[in-house]
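Please walk me through this structure in my viewer, one selection at a time. Tell me what to select next and what is there.

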Amino acid sequence: MFQERKGKEHMSILTGPMRFHLDGHKELTAHKDVLVLEEPDDLYIPLVNGRAACSPLVKEGDEVKVGQRIGEPTDGFWYVPIFSPVSGTVVGIEKRMTAALKPGDHIHIRNDHKHSATRAFREFDYETATREEILDFVKSAGMAGLGGAGFPTFNKYTKPEGIELFIINAVECEPYLTADYANSMANPELMRDGALALLKLSTAPKGLIAVKEDKKDLIEVLHKQFDGTPIEVAEVPDIYPAGWERTLIYMLTGKRYDRLPAEAGCILNNVSTCIALGNAMKNGMPITAKYLTVSGDGVKEPQNVIVPVGTPASEVIRQCGGYVGEDCLLIAGGPMMGRTIPNDQFVIGIANNGLTVLQHREPFSVKCLRCGKCTETCPSGLVPVRINACEKIKDIDSLKKLSVMDCIECGLCTYICPSKLDVTEGVRRAKRYMALVK
Amino acid sequence: MKLTFKPSPNYRNEKSTTGIMKDLGLCLCAVLLYAVIYYCAAFGAQYGLRVILLACDAVVAALATDAVFYKFAKSKDIMKDLKSSYSIITALILVLISRIDTSYFAMAVCTIMAVYFGKLVFGGFGQNIFNPAAFGAALIMGNFAASYNVDFATGATPTQAASSIGWMIPSGNFASFISQYGGLGRMFLGQYPSTIGSTCALLILCCGAFLIWQRDIDWQTPVFYICTVFVEALCIGLMHGAGIEYALFNVLAGGVLFGGVFMATDPVTTPVTIPGRILWAIGAASLTLIIRLKANFADGVLFAILLMNMLTPAIDKLFDGNQIKDAAKFRRNVLIGGAAFAALTLLVGTSVKPKGETAAAPASSGVPAASGEAAAPAGGDVNFGEALPMTYNFNANKASCVIDGEENNTVRYACEAKGFGLVTNADGDYEMNQAMVVVDKSTGKIKSISMINFGDTAGVGDMATSDEALAQFEGKGLEDEVNLVTGATFTTRSVASMAQAALNAAQED
């Protein structure tokens, strides 16, 4: 029944399309061989896993093996334990710049390149296990939202009341990124196991795996894996932000919700999370390495790489042939929502899925012509042009009416702006300002 | 090697404001080119050349205004400022909404006014409140009426003719009225005199489709604007016994299509949200009709756009919010606002009567004032409009006279001249108008005129050949003036041209 909705417009005459097809440049990396990165000699594992702070379980001089638990979360909600990505010796706890451009504690491991591994978990059969057992496994295996947010996966499933639909997000709508695609093509069975385990966990009677309609070969693979299971393949149009959960749920079910997808009876997880869970159940290994897209016109050899967690970005770029051009933007993630980081010393974390390197060119920008394209494409239904205008004069009442806080900073307003203004940045300023006055 | 910080996103669409303006300029040039061809074919090469020169005049004036302004504003990079001011678009629109008899001087002054007071003083492109071209054109109409170049007269435009009879054409007279312009079909193809750019409806619609397809303009504004004009005109027409052709005439005549495609879609001066634009378009369409029916201007499009420009900030505020969460509120606002505009227009529509009827039953109700500055006292069936000096250039009429008889100082001339049909090359069986003009040679004044043969449109032009209309020539000389008969401008001119020819002939003898 969801197949019927493919590409259907739930559009009112009073709103724009609230989305836009953009050139993904995915051909740069999608069909190239995946490079298994040479492991660096020194790895630095941040002690903050996403937003989950951890305390170290190892000390200077300890020998560690691949998959060994080396960090325990200090918070019950943001619970994502840390595992060693390589075998070697702990050099110590060191302060290093993080991707947030702040100094943070990292466990420094000297790699012995022996790959001696310890099986972190026993073999786990989700079909015989109870729901509580699966939940416990997901929690202790350090599963987190691998689409970029790093939200602890188990948290979504603690109260699955009224959940009617489980959605696997294999859309990957960020331009340039193909890591999820490459991962899914390489590990379809792990993906199926992880997805079916999460479906059971969600208590939903059926599931959907959402994928962009232009990825024909992946769709074929998905049909092979999921036909005959309660999970159906749902093709979505090649638009941005098809992978944002609100847009995705709206396209698949026609429902809008206020805060959480559960209000629309849905639970979502990224396809990479399913693969990681499948890997943990079958091979007993946590997330020690990541599929990472290195792409853009600022890097010599754009390609997908498999990289151990804790590898500095500079090392990844070096092994991809280095930078092209004299002035580059190094972006953690894709160019729409990823942050530029003016320092390549930060390390790859479990939630990273791409490094986009673009040559920096200032666009020719002119004054706002009030064309309203930002309004027509905003997936949150906001009026960015008015928010920018009201932010300039600090018109608090209008900003309140304009529901500034609903912005997810997807970047579409800046992308679409024909006058080449930094519209999203203006909305961000408004959000920061409104957070202060509240 | 340097790594730079820039806030996300760092990815941009190729479509640029300059690209949008280029497409817009391309379409405006296409409309201009059509005008050149039409005027060349219908009136002669000097008319076509004049269109080109007017456009050059306006473009040079616009660029010069920009350059001087930015020079005095101590701009760091004048070329960049010129490139991002897009005044050429303003200049082209201004030319296209002017009449061909506008003098070069008036065109230049209005372009300078439009660019400077309409745009630059507000802070340049993107900051102006009023559509700069509409602002400039309002100045032409208001202040430079005397600057029209009479050598390039093309006769009354459909809007002027319609305005002179109160924009209400009873269905019985519609066919003969519209036949002045070759029928709705020829109006659609644009073979009639009007403002330079409003001629070819088909071409303007194609331009609109192209711009929408290229995402240069939104589709809501032109579609809602044109459809609202059509629907409201249809309702008003039905109230007075006029059919669908009256609604079509309202859409095709004047600036509705040109304004709807090129001016109402000016993003700078219209609301930013889609519901806002829809309400704006309904409002502009309603005001267009109200101005046509009730005000003194020949057409309502310009002032409707300028008035709605003033409401743009208010409409923007009305639709501040979240388009998803406040969808119900927005829908309600559009419905209430749109209904209010429509109700107002229909209310105005009910109180309108064709001027022909009102003359028969004078002082009955809210009768619209006669158009034109010098409304002559009217009686019977004839309404007098604008003044027409006897020295007017009647070249187009090709009047000629021969002496028919002479006694004492009184000479009888048998004259003939082209009337509406022959001047405008309209389809149909038109003949020369022929009249007998009696001139008193001693005083140089006309004693009487009587028609011998009437060759123009029956039911329209014959208002100018009624006894009452002809009586106004009695006692008039070359230094005097008469008044145009409203609704029969061409025929009045034809008769007057014969009178002028007779007076000239009498002087030469």
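**Domains of chain A**

Keep in mind that this is a predicted model. Colour chain A by domain: domain 1 covers 3-26 + 123-283, domain 2 covers 42-112 and domain 3 covers 373-437. Now select domain 2 and domain 3 of chain A; their C-alpha centres lie 38 Å apart.

**A four-stranded sheet**

Next, show the strands E12, E11, E10 and E13 of chain A. They form an open sheet in the order E12-E11-E10-E13, with parallel pairing. Strand E12 (231-236) and strand E13 (266-270) of chain A are the edge strands, each pairing on one side only. On average, neighbouring strands of this sheet are turned by 25 degrees against each other, direction ignored.

Zoom in on strand E10 (residues 165-169) of chain A, which pairs with E13(A) in the parallel sense over five bridges. Select A:Phe166 and look across to E13(A), where A:Ile267 stands opposite. In general, strands of a sheet pair through backbone hydrogen bonds.

Helix H5 (residues 245-253) of chain A touches E10, strand E11 (206-212), E12 and E13 of chain A, and its direction makes about 125 degrees with that of E10(A). H6(A) touches E10 and E13 of chain A, and the direction of H6(A) makes about 75 degrees with that of E13(A).

**Two crossing helices**

Which residues in H2(A) meet H6(A)? Select A:Asp180, A:Asn183 and A:Ser184 in H2(A); they meet A:Val271, A:Ser272 and A:Ile275 in H6(A). By class, this contact has two nonpolar, three polar and one charged residues.

**Where chain A touches chain B**

Finally, show both chains. The contact takes 54 residues from chain A and 39 residues from chain B. Elements that give two or more residues to the side of chain A include strand E16 (327-332), helix H9 (384-392) and helix H12 (423-437) of chain A. The largest share of that side, five residues, comes from E16(A). Its residues divide into 24 nonpolar, 16 polar and 14 charged.

Stay on E16(A): two bridges join E16(A) to strand E1 (residues 2-3) of chain B, and the two run parallel. End the tour on A:Cys328, which stands opposite B:Leu3 in E1(B).

Terms used
Residues numbered from 1 in each chain as written. Chains lettered and ligands numbered in written order. Predicted model: local features only at pLDDT ≥ 70, side-chain atom pairs only at ≥ 80, totals over all residues. Domains from an automatic or database assignment. Contact = placed C-beta atoms within 7 Å. Nonpolar A, V, L, I, M, F, W, Y, C, P; charged D, E, K, R; others polar. Pairing = 2+ DSSP bridges. Axes fitted to C-alpha atoms, helices over the stretch in contact; angles between N-to-C directions.
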